[in-house]
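Subject: Structure for you to look at

Dear colleague,

Here is the structure I said I would pass on. My notes on it follow below.

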Amino acid sequence: MNNPPEKVVLRINRGEENDATGRWEQYTVPYSDGMVVLDAVLEVQARQAPDLAVRWNCKAAKCGSCSAEVCGKPRLMCKTLLEELDYLQPIVVSPLRTFRRIRDLVTDVAWNYRVNEMIAPFRARLDRKWKFFQRDVERAQEMRKCIECFLCQDVCHVLRYQTEDKPQFAGPRFFARTAALDFHPMDSVERTEFLTREGGIGLCNITKCCTDVCPEGINITDNAIIPEKERIVDAHADPLRAAFAAIFSRPKK
Ligand code: SF4
Ligand code: SF4
Ligand code: FES
C-alpha cells in the first residue's frame, strides 16, 4: 500500500443559485490521517475560499446535512474518509444533482418536506391492547433510523432525471417513512391510496440504488418498498379483503 500523501487535491463544483452545471474549482489541502471529505472542504473554506457554501452540523453522520456527491456517489461528507477514496487522484465534490442548487454545495431540499406533509400521521387502534412482539417493533424501528440526508432521493433515477416539478413519486425516503407508520402494530390508518397515487410507488422498479447509498444501512427496498407493494396488491387483488375493507373501515394487513 502507498504511503499517505502529504496533500490532497479537491475539485469542487461551485455555482450560484439555480446553476445546474456550475464551474469546477481546484484546491490543494494538507492531508492528515483520519481526514474525512468534510474536513478537506472546511479547510478550503477556512484558508482559500471563505465564500464557499457548504451545509453541515453534527460532523457525526447523524444530522443528514452534509450530503453531497463525492467521486460520483451520493455520500455524507463527514462519514467519508479520504483513505476510502483514491486520494492520490483529485477528490471530486459536487452538490446533490436531484435538487436545485442554492449555492455551491448547498441544495434546496424543501420539496421533501412537502412530500412528508402528504403522509397521514399515526393513529392508534382502539380495539387492541398495547402489547406486541419485539420483532414487530424492530420492523418499524429500522425505518425510524432515517436521518433525512436525502441521499436515497438523490440517487433514485425516478427523481434524478426529472425537472424541479417532481413527478408523482414520493421517493425511497418517504416509502420508508410510510412503512415506519404502516408497520406499527397499533396503527389504524390505511396509506395504500397515498402510495399508489401521490406516492407513485408503481414507478419504482426495485433497482436497490437507494439502499446502496443509505448511511444508516436501512434496507429500503427489501424491507419497506417490497412489503408496501405487496400490501397494495393484497388490498386491490383480493376481493374478500376489498369487501371487508369497504365494510369495516379499511383494516390493515
Ligand atoms: S429501488 Fe425504487 S425507490 Fe429505490 S432507487 Fe430504485 S427506483 Fe428509486
Ligand atoms: S432512508 Fe437512508 S438515505 Fe434515505 S434519507 Fe433516510 S437515512 Fe438518508
Ligand atoms: S455533518 Fe451531520 S451528517 Fe454530516
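I start with Phe 132, which sits in the loop between H2 and H3. The model is a predicted one. Phe 132 has a relative accessible area of 31% and is partly exposed. Together with Phe 122 and Trp 130, Phe 132 makes a nonpolar surface patch of about 300 Å².

Overall figures

The chain has 253 residues, of which 47% count as buried. Its secondary structure consists of 10 helices and seven strands. The C-alpha trace spans about 70 × 40 × 30 Å along the principal axes. The accessible surface amounts to about 13400 Å², and carbon and sulfur atoms hold 50% of that. Among contacts with a separation of 6 or more, 64% are between residues 24 or more positions apart.

The two ligands

Around ligand 1 the shell consists of Cys 156, His 157, Pro 172, Cys 204, Asn 205, Ile 206, Thr 207, Lys 208, Cys 209, Cys 210, Thr 221 and Ile 225. Sorted by class, that shell has seven nonpolar residues, four polar ones and one charged one. Helix H8 (209-213) and helix H9 (220-237) each give at least two residues to the shell.

Salt bridges

There are 22 salt bridges in the structure. One of them joins the side chains of Arg 103 and Glu 16, with 3.8 Å from N to O. The two residues are 87 apart and belong to distant parts of the chain: Arg 103 is in strand E6 (residues 101-103), and Glu 16 is in the loop between strand E1 (7-14) and strand E2 (23-30). Arg 103 is partly exposed at 30% relative accessibility, and Glu 16 is partly exposed with a relative accessible area of 45%.

Arg 100 and Glu 17 form another salt bridge, and their closest N and O atoms are 3.0 Å apart. This pair also links distant parts of the chain, 83 residues apart: Arg 100 lies in the loop between strand E5 (91-94) and E6, Glu 17 in the loop between E1 and E2. Arg 100 has a relative accessible area of 23%, so it counts as partly exposed.

Lys 208 is in the loop between H7 and H8, while Asp 222 is in helix H9, 14 residues apart. Both ends are partly exposed, with relative accessible areas of 34% for Lys 208 and 31% for Asp 222. Separately, Asp 182, Asp 187, Glu 190, Arg 191, Glu 228 and Arg 231 form one network through salt bridges that share partners.

Two buried residues

What is the relative accessibility of Cys 66, and is this residue buried or exposed? Cys 66 is at 4%, so it counts as buried. Its place is in the loop between helix H1 (37-47) and strand E3 (67-70). Leaving out residues up to four places away in sequence, Cys 66 touches Arg 55, Trp 56, Arg 75, Leu 76, Met 77 and Cys 78. Its C-alpha atom is separated by 18 Å from that of Ala 49, which is 17 residues apart from it along the chain.

Ser 94 is part of strand E5. At 15% relative accessibility, Ser 94 counts as buried. With residues up to four places away in sequence again left out, Ser 94 touches Asn 13, Trp 24, Ala 68, Glu 69 and Leu 105.

Regards

Terms used:
Residues are numbered from 1 along each chain as its sequence is written. Chains are lettered from A and ligands numbered from 1 in the order in which they are written. This is a predicted model: local features need pLDDT of at least 70, side-chain atom pairs count only at pLDDT 80 or more; totals for chains, interfaces and linings use all residues. Side-chain values use heavy atoms; hydrogens and water are left out. A residue is near a molecule or strand if one of its heavy atoms lies within 4 Å of it. Helices (H or I, at least four residues) and strands (E, at least two) are DSSP runs, numbered from the N terminus. Ala, Val, Leu, Ile, Met, Phe, Trp, Tyr, Cys and Pro count as nonpolar, Asp, Glu, Lys and Arg as charged, and the others, Gly among them, as polar. A salt bridge is a side-chain nitrogen of Lys or Arg within 4 Å of a carboxyl oxygen of Asp or Glu. Buried means under 20% relative accessible area, exposed over 50%, partly exposed in between (1.4 Å probe, protein chains only). Contact means heavy atoms within 4.5 Å. Patches are made of residues with over 30% relative accessible area and no salt bridge: like charges are joined within 9 Å, nonpolar side chains (Val, Leu, Ile, Met, Phe, Trp, Tyr) within 5 Å. Accessible areas come from the Shrake-Rupley method with a 1.4 Å probe; for residues, only the protein chains shown count as cover.
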